[in-house]
Amino acid sequence: GVDALMRIPPSMLKLHNKKEDAWTAINGKVYNITPYLPYHPGGAKELMRVAGRDGTKLFSLTHAWVNADFMLDACLVGFLVSEPSS
Ligand code: HEM
């Protein structure tokens with residue numbers, strides 16, 4: 001449910017940079033891209049370039065016409081937020 005979604009700062013996103021545990025942020029939303037890796041038409045290697053980081057720019061440069069929000073809806077884990085100040 002929507003109540004399980006997390007607020008994810010870049011430092012947390014960064015930890016999910018392995019094929020078996022890969023997250024990326026696109027337009028402020030953080031997705032678990034691990035299940036999609038074998039299905040990406042551009043290949044897993046290209047998709048892994050955005051693992052653990054904000055992929056918005058690279059994603060829109062390669063295929064701005066693709067609706068990632070629709071495609072990855074089931075893979076949504078939360079929302080990218082700024083780093084909490086300490
Ligand atoms: C192709 C989805 C991230 C590189 C595609 C296509 C989809 C897709 C649906 C087919 C598009 C079409 O034929 O019109 C996604 C999603 C991504 C993502 C949902 C993010 C979660 C990336 C990234 C890169 C990339 C980060 C590059 C660094 C490519 C390339 C193709 C492609 C090169 C063309 C493959 C070909 O037609 O031979 N992607 N993509 N994608 N994607 Fe991605």
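Of the 86 residues of the protein, 22% count as buried, a residue being buried if 20 or more other C-beta atoms, placed from the backbone, lie within 10 Å of its own. The model is a predicted one, in which local features need pLDDT of at least 70 and side-chain atom pairs count only at pLDDT 80 or more, whereas totals for chains, interfaces and linings use all residues. Residues are numbered from 1 along each chain as its sequence is written.

**Fold and dimensions**

- The protein has four helices and five strands, which follow one another from the N terminus in the order β-α-β-β-β-α-α-α-β; helices (H or I, at least four residues) and strands (E, at least two) are DSSP runs.
- The radius of gyration of the protein, 12 Å, agrees with the value near 12 Å for a compact globule with 86 residues, where the radius is taken over C-alpha atoms and the rule is 2.2 Å times the number of residues to the power 0.38.
- The C-alpha trace spans about 40 × 25 × 25 Å along its principal axes.
- Among contacts with a separation of 6 or more, 69% join residues 24 or more positions apart, two residues being in contact if their C-beta atoms, placed from the backbone, lie within 7 Å.

**Surroundings of the ligand**

- The ligand is surrounded by 18 residues, of which Pro41, Gly42, Glu46, Thr62 and Ala68 are the closest; a residue is near a molecule if its C-beta atom, placed from the backbone, lies within 6 Å of it.
- Helix H2 (44-47), helix H3 (56-63) and helix H4 (68-71) are the elements that give two or more residues to this shell, and the largest share, four residues, comes from H3.
- By class, the shell holds ten nonpolar, six polar and two charged residues, with Ala, Val, Leu, Ile, Met, Phe, Trp, Tyr, Cys and Pro counted as nonpolar, Asp, Glu, Lys and Arg as charged, and the others, Gly among them, as polar.

Terms used: A residue is buried if 20 or more other C-beta atoms lie within 10 Å of its own, exposed if 12 or fewer, and partly exposed in between; C-beta atoms are placed from the backbone.
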